[in-house]
Amino acid sequence: MRTKKSVSYLRLYRRRWGLTQGELAELLGWTSTEVISRIEQKQRPPTLNLVIGCFILFGTPAAEIFPDIAASIESAVMARVWDLYERIQGDPSRKTKVKIELLEDAIGRAEQRKRASRL
């Protein structure tokens, strides 16, 4: 069974701005084009430095350049958010109320992203 490669728009953004792999590598602090090539060909996931560097360079959130990776991370984090949310319900302490507020905010943002992606 073949696995689906993740979606990456790094090449699209690089080419939109007329950059070569070498120029993008240089701008992001690498001396070789190998890193850029492997990420564009979906042979390896982007590093945190590359993701943040692309945000700084292109002004585009990571979730737009690497949507599959962002969706996977969001799914895992939100599962843990819901687990903690359920576990701490009923604790009347002030610390727990603050945690619940954070978790409810995260849940609200995730729901907004879902609604926005359906449009």
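Leaving aside neighbours within four places in sequence, which residues is Leu50 in contact with? Leu50 is in contact with Leu10, Leu28, Trp30, Ile36, Ile39 and Phe66, where contact means heavy atoms within 4.5 Å. This is a predicted model, in which local features need pLDDT of at least 70 and side-chain atom pairs count only at pLDDT 80 or more, while totals for chains, interfaces and linings use all residues. Residues are numbered from 1 along each chain as its sequence is written, and side-chain values use heavy atoms, with hydrogens and water left out.

**Fold and dimensions**

- The protein chain has 7 helices and 0 strands; helices (H or I, at least four residues) and strands (E, at least two) are DSSP runs, numbered from the N terminus.
- From the N terminus on, the order of elements is α-α-α-α-α-α-α.
- The chain is more spread out than a compact globule, because its radius of gyration is 18 Å, well over the 14 Å that the globule rule gives for 119 residues.
- That radius is taken over C-alpha atoms, and the globule rule is 2.2 Å times the number of residues to the power 0.38.
- Along the principal axes, the C-alpha atoms fill a box of roughly 55 × 35 × 25 Å.
- Among contacts between residues at least 6 apart in sequence, 52% join residues at least 24 apart.

**Surface and charge**

- Of the 119 residues, 27% count as buried; buried means under 20% relative accessible area, exposed over 50%, and partly exposed in between (1.4 Å probe, protein chains only).
- The accessible surface of the chain comes to about 8,800 Å², by the Shrake-Rupley method with a 1.4 Å probe.
- Carbon and sulfur atoms own 54% of that surface.
- The chain carries 21 positive and 14 negative charges, and their mean positions are 4 Å apart.
- Lys and Arg count as positive and Asp and Glu as negative, with His and the chain ends not counted.
- Each charge is placed at NZ of Lys, CZ of Arg, CG of Asp or CD of Glu.

**Nonpolar cores**

- The largest nonpolar core holds 15 residues, of which Leu10, Leu50 and Phe58 touch the most other members.
- Helix 1 (10-16), helix 2 (21-27), helix 3 (34-40) and helix 4 (48-58) are the elements that give two or more residues to this core.
- Helix 4 gives the most to this core, with 4 residues.
- A second, separate core of 8 residues includes Tyr85, Leu103, Ile107 and Ala110.
- A nonpolar core is a set of buried Ala, Val, Leu, Ile, Met, Phe, Trp, Tyr and Cys residues joined through side-chain atoms within 4.5 Å.
- In soluble globular proteins, nonpolar side chains tend to be buried together.

**Cys54**

- Cys54 lies in helix 4 and is buried, with a relative accessible area of 1%.
- Not counting residues up to four places away in sequence, Cys54 touches Leu10, Leu28, Gly59, Thr60 and Ile65.
- The C-alpha atoms of Cys54 and Leu27 are separated by 9.4 Å, with the two residues 27 apart along the chain.

**Loop residues**

- Leu19 sits in the loop between helix 1 and helix 2, and counts as buried at 17% relative accessibility.
- Leaving aside neighbours within four places in sequence, Leu19 is in contact with Arg14, Leu24, Leu27, Leu57 and Phe58.
- Leu19 and Leu119 are 100 residues apart along the chain, and their C-alpha atoms are separated by 32 Å.
- Lys42 is found in the loop between helix 3 and helix 4.
- Lys42 has a positive phi of about 60°, although it is not a glycine.
- Lys42 is partly exposed, with a relative accessible area of 33%.
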